Amino acid sequence: MLATSPAFTENAARALADAGLQKALAATRPRFQGKRAKAYAGLPEFEALRDAARDIKNHTLAHLDLYLEAYAQAVEAQGGQVHWAETAEDARRIVLEICRRVGARTVTKGKSMIAEEIALNDHLEANGITPVETDLGEYIIQLRREPPSHIIAPAFHLNREDWIAAFREKHAGLPADRPLAERRDLLAEARTVLRGRFLAADVGITGANLLIAETGSSVIVTNEGNGDLTQTLPRVHVVLASIEKLVPTLEDACTILRLLARSATGQDMSVYTTFSTGPRRAEDADGPAEYHVVLLDNGRSAMIGTEFQDMLRCIRCAACMNHCPVYGSVGGHAYGWVYPGPMGAVLTPSLIGVDQARHLPNASTFCGRCETVCPMKIPLTKMMRHWRERAFERHLPPRAERAGLAAWAFFARRPALYRLATRLAVGVLGAFGRRKGRFAALPLAGGWTGGRDFPAPEGETFQARYARRGGQV
Amino acid sequence: MSTAAEARARILGRIRAGLPRDRDDGARAEAVRARLANPPRGLIPERAKGERAALIDRFVANLEQEFGTVARLADAAAVPGHVAAWLAARNLPARLAAAPHPDLLALPWADRPSLAVRFGRAEPDDAASLTACFAAVAETGTLVLTSGPDHPTTLNLLPEAHLVLLRASRIVGAFEEAWDLLRAERGRVDEALPAGRRVMPRTVMLVTGPSRSADIEQTLELGAHGPRSLHVILLEDEG
């Protein structure tokens, strides 16, 4: 997928002016937060489980080479095939080769962020194979030919009118008098159309929420059952998974599953948590004859041992974006690539480069709610600061921003000079602003005063007041 | 472009390059081997613990909260009649696709000649299915459905109504206890796997309620792609 992350500022402005998006954001945010809070309250061990889950992933990452080898051995010992993909291009090529070898014309797809990351649908279409998204949210955005705006609720930016319009336009043979006004009508229509697609598909492609080294299993977590139909009905099941999805054992999977649905949708468990291990057995009456796992690296191995390694603990629950005031204001598309919100602000620069994504770590108020709710205790704001530093070191911010920071740094390193300069500035501003108590416009501060007044200082710096009050504010 | 072996070697090489230089690879390999062979128990929440009767009640309450329904029967011989009545009450045809599981094959279906039962995988036009259940987890009201010749996975997915015969003795508290059962009853030694044993069938589905979606305006609707209703027949086979 082509990144529009460099245009985050323009994207965000457009999102703020988008009435439909703002309506959807206002309606959905309280729901996500409320459901998560209720699930959290229902499990007194939640905080202890967060620590346990963090420790499991840290252990896995410290032994990732060995667990990957063990996992691949377990898959292959049970008749599955493991394909190692260094880049998005490699992964696309591997999937296309599998599809071509079995003569696939259509493939059904369970929801997969990795498939978005490698832009799989475009590649399959360009090569004459029809990909069909089967997750309801992914299906509607495929009809509308737009990217997901959220990692677990890809179509949350749409309102019911948008669904009705898309089905009326794209579903050939849908009678004009068929009612679609209710959500249940829309669901029934999608179920009917997609049921035929499930039965016709030659290959089913799913993602993976977890890979388990002990058993060589891939795990998907869904509510609709679309992922299960995708990995059960076609002759070939292809799993797309990135290397950090690994956990050592079934016990470790349990700990993470106790956190995943609660953090994501506020359910104690999602409806379907399904473990797939190899192809169908000789005596089975159904299931795929072939089982493939495409293990994607695409920049992740290079994060091991860096200050961004902790990001590889992420289980893609979306709690961070559901609680982020910036995401809550601009939605997911503004971030310009596959992963939005705080987790995207940290991960995207690692995967597509900080030169492309330098705005994203700045799209934060550092309120820290993302870290508070992260089930894997990922220090998101700390890593955003690391990215800001990296961007500054690489001279990526514009000249004015860099000059401003350099000037501030000059004074900040010289405390006496800093106190003098701030005393002067506060004194001058205080004197000029005394009458009104505020400024409607200030030189060099148009970005602030364009939208609101700048309050006039009262004539004393913070440090001076702090000293005068003997350490009391 | 690279060969598969080269890609694997480069990915693993990059990971190793990021690991601490002073690492002890022998100790690391031993740590991995030990964890896979004897998985350490994680933190089990209190809600997964309790007396048998309390666990069974908790299973039922949790499943009902997720829109599953439960009927408690004391006698397996009553199952065909219960199924027939359940289908009739929902205006579903008196036809059933059933898993060829010994427990289900042994039921007195001949008592209900008007109910047509076909044993095997599900077909697209099946309205209702009946399967057995490997185990169930009280912690969250979750069914553990294992694939095999006695339980085709399509039965869990294609029909609009999925009925499940669950023996109360198969209800456990925590997920980990269901894996214990699977390892004990289905596991076998296999040195080709790093853990030294083979445990998993092709598919293990943990099912908690009927299919649903909240993708339209983040509002829950039941019956997305899987069954619209999930009905558990709980056979009270303990004491």
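Colleague: What is the mean pLDDT of chain B?

Modeller: pLDDT is the predictor's confidence in each residue, from 0 to 100. Chain B has a mean of 96, and 99% of its residues reach 70 or more. This is a predicted model: local features need pLDDT of at least 70, side-chain atom pairs count only at 80 or more, and totals for chains, interfaces and linings use all residues. Residues are numbered from 1 along each chain as its sequence is written, while chains are lettered from A and ligands numbered from 1 in written order. The model scores ipTM 0.98 and pTM 0.94.

Colleague: What is the strand order in the open sheet of eight strands?

Modeller: Strands of a sheet pair through backbone hydrogen bonds, either parallel or antiparallel. Here a pair needs at least two DSSP bridges. Strands are DSSP runs of E, at least two residues, numbered from the N terminus. The order is E8(A)-E5(A)-E6(A)-E9(A)-E11(B)-E6(B)-E5(B)-E8(B), with mixed pairing.

Colleague: Which strands does E9(A) join through five bridges?

Modeller: E6 (217–222) of chain A runs antiparallel to E9 (272–276) of chain A. A:Ser218 has A:Ser276 as its bridge partner. E11 (203–207) of chain B is also antiparallel to E9(A). There, A:Thr273 partners B:Leu206.

Colleague: Why is E9(A) largely enclosed?

Modeller: In a regular strand the side chains alternate between the two faces of the sheet. Five of the five residues of E9(A) are buried (20 or more other C-beta atoms within 10 Å of the residue's own, placed from the backbone), so the rest of the structure largely encloses E9(A). A:Tyr272, A:Thr274 and A:Ser276 cover one side, A:Thr273 and A:Phe275 the other.

How values were computed:
Helices (H or I, at least four residues) and strands (E, at least two) are DSSP runs, numbered from the N terminus. A residue is buried if 20 or more other C-beta atoms lie within 10 Å of its own, exposed if 12 or fewer, and partly exposed in between; C-beta atoms are placed from the backbone.
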